[in-house]
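Have a look at the model first.

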Amino acid sequence: MLTAGKRLAVFSIREGKGGSIWVRAGSAFVNKDGSLNVLLDVLPLDGKLHVREAAEKRDTAAAMGGRYAGEPGLDSMPVGGHS
């Protein structure tokens, strides 16, 4: 249930060779009137976003059944000459 002050996670989900890849795209917050404020750090390539209740970071990958690229690690490290 969405209640005022609830913190939500925003993801872009892409299909990869090994299954779904969940990329953390930002956060959302529920307002007193039930509307949402969505704060994006990235834009999805396909224009689709998935919003769900925020979970503990260490539990997120297991709960989603796919790779999670929301924390620094191999899946989210920059590739190429830019840092």
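## A charge over a ring

Arg-24 sits over the face of Phe-11, 5.7 Å from the ring centre. For this label, NZ of Lys or CZ of Arg must be within 6 Å of the ring centre and within 35 degrees of the ring normal.

This is a predicted model, in which local features need pLDDT of at least 70 and side-chain atom pairs pLDDT 80 or more, while totals for chains, interfaces and linings use all residues. Residues are numbered from 1 along each chain as its sequence is written, and side-chain values use heavy atoms, without hydrogens and water.

## The aromatic pair

How many aromatic pairs does the structure hold? There is one: Phe-11 with Trp-22, edge-to-face, at 5.4 Å centre to centre and 75° between the planes. Rings of Phe, Tyr and Trp (its six-membered ring) pair if their centres lie within 6.5 Å, with planes under 30 degrees apart called stacked, over 60 edge-to-face and the rest tilted.

Phe-11 belongs to strand β1 (residues 7–16) and Trp-22 to strand β2 (residues 19–30), eleven residues apart. Both Phe-11 and Trp-22 are buried, meaning under 20% relative accessible area with a 1.4 Å probe, protein chains only.

## The whole chain

Of its 83 residues, 20% count as buried.

Notes
Buried means under 20% relative accessible area, exposed over 50%, partly exposed in between (1.4 Å probe, protein chains only). Helices (H or I, at least four residues) and strands (E, at least two) are DSSP runs, numbered from the N terminus.
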